[in-house]
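Visitor: I would like to go through this model and ask what each label rests on.
Guide: Then let us look at it together.

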Amino acid sequence: MARYLVKRLVLLVAVLFAVTFLGFSAMNFLGDPLFNVVGVMAELDCEGIEAGTVEDTSMDRARSDCETVAEARAEYHLDRSVPVRYVLWVSDLATGDLGTSFQNDQPVSQIVREKLPETLILLVMAQIVSLGVAIPWGVIAAYRANRAFDRGSTVASFGLLSVPNFALGVVLLYLFALRWQIFPSAYESETTLGLLFSMILPAVTLGLPLAASYQRLLRTDLITTLQEDFVHMARAKGLPAMRIMFRHALRPSMFSVVTVFGVSTGALIGGSLVVEQIFGIPGIGREIVTAVIRDDFPVVLAIVMLVACTFVVINFLVDLFYSWLDPRVRTR
Amino acid sequence: MSARGRPSRRGRASRQRLLQRFRIVRLMRSRRGPEPGGGSEEAEVVRRRLGFGFWLAVIWLLAMAFVSLFAPMLPLADPTEVAFGGPRESPSLDAWFGTDALGRDVFARTMHGARISLAVGGFAIVFGMVVGGGMGILAGYYRGRLDQGVGFVFFVLLSFPALVLAILITATLERSLLVVSLTIGILSIAPVGLLARASTLVYAEREFVAAARVLGARHGRIIVRELLPNVVIPMGALTLLGMAVAVVAEGSLAFLGLSVAGDDAISWGKMIVDGAGLRDLQNSTHVAMFPVAVMFLTVLALNFAGDRIRQYFDVKELPF
Amino acid sequence: MAVESVSAPAPLLSVRDLHVRFPTERGTVNAVNGVSFDLYEGRTLAIVGESGSGKSVTAKTLMNLLPRTAHVSGEVTYDGQDVRALAAAGTKHFFGVQMTMVFQDPMTSLNPVKKVGEQIAETLRYHLGRSRSDALEEAEHLLDQVGIPEPSRRVSQYPHELSGGLRQRVVIAMALACQPRLLIADEPTTAVDVTVQKHLLDLLDRLRRDRGMSMILITHDLGVAHGRADDVAVMYAGRLVETADARTLFFDMRHPYTEALLRSIPRIEDPVHHRLDPIPGRPPELVDPPDACAFAPRCIYARADCLDGVPELSGLVGLHRFACLHPTGTERGEAALATNRTAGVTAAGLSLPQEAPGSG
């Protein structure tokens, strides 16, 4: 176990390194880094302006732009050599300095701090919805395997897995918010309860397709587990069927679901970009999309790095979670 | 991922975890069934039936492919013609799917929208198969450091949520058809590559490969003549499933306004977001719902036909 | 199952004309065909047969553990109650309290993700409504009773931390938690080390005696039944072929299959280098069985009439019963054997060795 842990930790560090390096490359090697950071301001001839050799129609504006450019150079260490630049940039990231949006002169960490809670609430609710739907669904499907309910649910899950997130969101928005008006059509933040309530529809949009894939995995694993002797033993002990399902068969059947749980967080994050857009939730996803469209690259890069690193760490934790799920792993 | 020699149980488990990401684990499980040297897999080929639903799906896909190839030549309205009809007209005989806010013909736009979706989807999966498949085969055949390196690259690629990686790429480059296709192609490298690597590992230990090696065949010849044909089958069986993922990815990008730029670049995702404003959705539901329906049917057809093909080429099917 | 008079107490468990069929892709498997027997309070019945003889299916039928696809007919009565009706009605606190079962493989019959103490305590909590701490304490006591050293440490261990023998003891403790009146032990020692087998069997025997429990001991090994069973039922191809009290069965058996089984086990009294007599051939397929004695192809007594119809069990339930037309130890049997030896081949086509091994 200790050796395994060390191996996983080394891999974790290596992947974090690679992920940040990819982000760094996107900024530094895909086009001019300064242009990526500040946009057209990069094309100002600041030295000329400083020296007064270049006349500009609005000198004040140009001067302040040039200050911004200088700030950007310092912020992203653009005057240093590439390897040094990378090291400095990564240590900035690690210490929570996510860079600066030069379009609205805001530190990205502040933007993240403002927008992150909404996205986290959405993601957590989506996972709750998907597990809450998938576990009973999978248990009943496996308990009545190949009966009418199971067959129907196979078709249903196949259908759900074929609906793109954004399409499902639009359909649910139309049906539940506009047509039947059960849920609000847009984000509300006045009260916590109202906030949670307005998040239900987005969470269902994200969670439902996930529930379908969880259900399929859980059902398959459960059917295998139900053939095990210890399930027979539990029946011979006279325990009722549902107790056996939930107390004995469920936990050893959760491996695939737990595996996908970490991975699906990635799909959920991707989905949240879309869903936040549909339901007007001011979260990280909406922020990054807006930033891409505004060409506000520092924000894009910082959020991508944050998300990717979180994702890597989540998958690392999921791996550790296995040892709780199957105590045999601990001594292996 | 540690991948030296025969995969350890844990190595295999974590690889399987990765594969599950793309819902192809069922294929891998059954592929593992007859172990190398286990022999008669021909005897176990069962259930060679595709069924009615499969052909229905194929017909739909062929129709979509036809439309997207020949859309400009078909007697459709000009999809970019503003005020082809009045704004937000309901479906009628003139405009089957009605018109959108700018009075453009939704039917013509939906048909034209198939072009980008299918082009991107097709290109992406071919790109993934060539690049990812090639990397996977080489890694699985040569093992050792190459395998470790390639495995790491796949692992890193999978460490980004797909859409987030796509955004990082499209944020820095101009959003042309080629860039969008390449972006989604890059996303498909890792899953396809892992599959190719896993199948290569199985076949590289089979007798016919050993025989070729004993006969003094060079590595290149073994890879092309002996391994490639066997690895292409499982990869090919997943083409349609991969395309479904790619089509959805392109749709998502388009929905966010990050797919191919320009007014004449019509895409389902873009059409759906156009019709998804609250007022539009309330008063002229058809603008969003027709592209939603066509896109859903297309993805469903790709998934269904893909799943059938996967089962068809499977040596064994899981009992359910 | 000694001769019973009319005034004898009612049996604890009574099985009448039990049939179990499984539809499979190759056809219907007739796993159990018309099995009937009685088990009286405090006695041990051994059901003996090769793998595939239907003995485990019989046990699982009693416990209602068969998959849904199985077709079951016949009567199973426990203490005057229809067991199948109880099971269908989902009656609580019957299985596990009145009757329970121990399985063959202790490696797989414990839940790998639960501590052994919890697995035992669970039964006590569910059936007897014990509190968690009481149940765990009792679990510890049970572990002590089944001879597990350091029970207080074991309760909080996971199954994979125990050896096979210990695990089977845990399974036994688990089964006995609610003081069942009937224990079905399905090959309880097959999967553990030979050195541990005797200990486990003796433990089961002792616990049964102490608690006045009845037991059905399922085994492929007549040697296991010897000295531990009061009654023995021999199964072959889904049918009972001979049932008797243990003494009669071991010393005055009638069915050639029983005889062959007995000859195929090694005995202490046998001289060194004594050749064991394996039973020739394999057990028959249970799909679409022919209308003949199923053992005939492997039987040295087989005559032409053996191939014509399935022989019925003679006598009444509770008496020495056997299903053979040419029973061993009778004149008919000796005559059949002599004829076959002269011919060098049985009527079913089994060739006999010229040098006849002495018959017991």
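**Contacts, pairing and confidence**

Guide: In this predicted model, 13 residues of domain 1 of chain A are in contact with 10 residues of domain 2 of chain A.

Visitor: What makes residues of domain 1 and domain 2 of chain A count as in contact?
Guide: The cut-off is 7 Å between C-beta atoms placed from the backbone. On the domain 1 side 13 residues meet it with a partner in domain 2 of chain A, and on the domain 2 side 10 residues do, so these residues are called in contact.

Visitor: Which helices of chain A supply at least two residues each to the side of domain 1 that touches domain 2?
Guide: Helix H1 (2–29) and helix H2 (33–38) of chain A. H1(A) gives the most, with seven residues. By class, that side of domain 1 of chain A has seven nonpolar, five polar and one charged residues.

Visitor: How many residues of chain C are in contact with chain A?
Guide: There are 23 residues of chain C, in contact with 16 residues of chain A. Strand S6 (99–102) and helix H3 (116–128) of chain C each supply at least two residues of the chain C side. H3(C) has the largest share of that side, three residues.

Visitor: What is the make-up by class of the side of chain C that touches chain A?
Guide: That side of chain C has 13 nonpolar, nine polar and one charged residues.

Visitor: Why are strand S1 and strand S2 of chain C said to pair?
Guide: Pairing needs at least two bridges found by DSSP. Strand S1 (residues 13–24) and strand S2 (residues 27–39) of chain C have 10 bridges, so they count as paired, here in the antiparallel sense. One of the bridges joins Thr24(C) to Gly27(C) in S2(C). A hairpin of two residues connects S1(C) to S2(C).

Visitor: What is the confidence in chain B?
Guide: Chain B averages a pLDDT of 77, and 82% of the residues score at least 70. On a scale from 0 to 100, residues 1–46 of chain B stay under 50, and the model has 66 contacts beyond four places in sequence for them. Residues 315–320 of chain B also stay under 50, with 21 contacts beyond four places in sequence.

Conventions:
Residues are numbered from 1 along each chain as its sequence is written. Chains are lettered from A and ligands numbered from 1 in the order in which they are written. This is a predicted model: local features need pLDDT of at least 70, side-chain atom pairs count only at pLDDT 80 or more; totals for chains, interfaces and linings use all residues. Two residues are in contact if their C-beta atoms, placed from the backbone, lie within 7 Å. Helices (H or I, at least four residues) and strands (E, at least two) are DSSP runs, numbered from the N terminus. Ala, Val, Leu, Ile, Met, Phe, Trp, Tyr, Cys and Pro count as nonpolar, Asp, Glu, Lys and Arg as charged, and the others, Gly among them, as polar. pLDDT is the predictor's confidence in each residue, from 0 to 100.
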